[in-house]
Amino acid sequence: MEKFYFEVPSIDREKDAVAYINEFYEFKSDINGTGGLQRFLDNYKGWLDKLQEDYTRVANEEKVPARTYFLVRSNDKQIVGMINIRLALNEILKKYGGHIGYSIRPTERGKGYNKMNLYLGLKICQEHGIDKVFMDADKDTPASWKTMEALGGINIREYFDDINSHCIVKDYEINVNESIRNNSATYEPMIEHITLRKYTNNDYNFVYEVKKNAYRKYVEECWGAWIEDDQQKYFENFINQVKENAYIIQYDNKDIGFYNGEMLENGNYEVGNICIMPEYQGKGIGTKILKDVLEMYDDRDIEIQYFKQNPVGALYERLGFEKSGETDFHYQMVKPKSINLTK
């Protein structure tokens, strides 16, 4: 089963985002739901700044707060769609435009992806307390309004718009909670809730607190005390060394943890840290991250080490790791690479 998730646009996606827009130009297709990305192809960083302004702005009769997301297919990390969600409506948007604009890239159409796009969008609306979503679509774009109908949209109006689109427009209203309830069995299994995004310097304090929460008790047991100044200095040195191979673990776009790992000079892959915030521990999130890493690097030996007091060693053994050494405070393990017996 294919899985999907929303991804907050970041600087690492510049090439992919530009390619997404260029595909619309290639197919001479209308561009919708991109938060104006098509106007920033030569200034992607400026677009990211705009999105931040969009999210934090106060609604007025000229502009309203909004979120823009990439719809990403999990297995290949391809951007297959985009969505722009307006978190409030002014008088103009109440008449034309509504809460949501969306799109699927031309080469990925006809696969039902926009239904997932809208379902995830409705979940964002629910998080922001939006009970009813207003949307519209040109009558001659049935793929768009049929998606609304599939998610419970009720056609409340049909009229000729002689101001904006100069065609017949269909207006829809969607009861957010009802739509999510009625469609959850279909779409929830298709959502990739756990994702990774690249670490940025803005994540410094978050990662420090996550690591502090994860390791403080072990540091105190091994060395007698957690000395804040020393640990801050150690962390600064650590993050400067690993940040190119460091990631923030997210659950439904919420930052909940930290992961780092890297290729070693001997050709092995080393798993560094998998740290999860307390309220998300015990849910299998760290295990899933580790399993994904093992699958990605199954053609290499994979190294890992952990504090001797940490019971996680039993999990590592179940996943195929074998003890390879120890220090005063850590056990070291290696998972041998998979052997391909086919010729």
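1. Helix packing. Helix α4 (residues 113–127) packs against helix α5 (residues 142–150) at an angle of about 55°, and their axes are 9 Å apart. Axes here are lines fitted to C-alpha atoms, for helices over the stretch in contact, with angles running from 0 to 180 degrees between N-to-C directions. Helices (H or I, at least four residues) and strands (E, at least two) are DSSP runs, numbered from the N terminus. The angle makes α4 oblique to α5; under 35 degrees counts as roughly parallel, over 145 as roughly antiparallel, 65 to 115 as roughly perpendicular and the rest as oblique. In α4, Asn114, Lys115 and Leu118 meet Thr147, Met148 and Ala150 of α5, contact meaning heavy atoms within 4.5 Å.

2. Basis. The model is predicted: local features need pLDDT of at least 70 and side-chain atom pairs count only at pLDDT 80 or more, while totals for chains, interfaces and linings use all residues. Residues are numbered from 1 along each chain as its sequence is written, and side-chain values use heavy atoms, with hydrogens and water left out.

3. Aromatic pairs. The whole structure contains 21 aromatic pairs. Tyr204 and Phe235 form an edge-to-face pair, because their ring centres are 5.0 Å apart and their planes stand at 75°. Rings of Phe, Tyr and Trp (its six-membered ring) pair if their centres lie within 6.5 Å; planes under 30 degrees apart count as stacked, over 60 as edge-to-face and the rest as tilted. This pair joins distant parts of the chain, with Tyr204 in helix α7 (residues 204–223) and Phe235 in helix α8 (residues 228–242), 31 residues apart. Phe235 is buried at 2% relative accessibility, whereas Tyr204 is partly exposed at 22% (buried is under 20% relative accessible area, exposed over 50%, partly exposed in between; 1.4 Å probe, protein chains only).

4. Within α8. The rings of Tyr234 and Phe238 are stacked, with centres 6.5 Å apart and planes at 15°. These two residues are four apart in helix α8, so about one helical turn separates them. Phe238 is buried, at 12% relative accessibility. Ring pairs link Tyr204, Tyr208, Tyr234, Phe235, Phe238 and Phe258 into a cluster.

5. Charges over rings. The charged end of Arg67 sits over the ring of Tyr55, 3.8 Å from its centre. Lys323 lies over the face of Tyr331, at 4.8 Å from the ring centre. The criterion is NZ of Lys or CZ of Arg within 6 Å of the ring centre and within 35 degrees of the ring normal.

6. A loop residue. Ile163 is in the loop between β6 (154–161) and β7 (167–175) and is exposed, at 65% relative accessibility.
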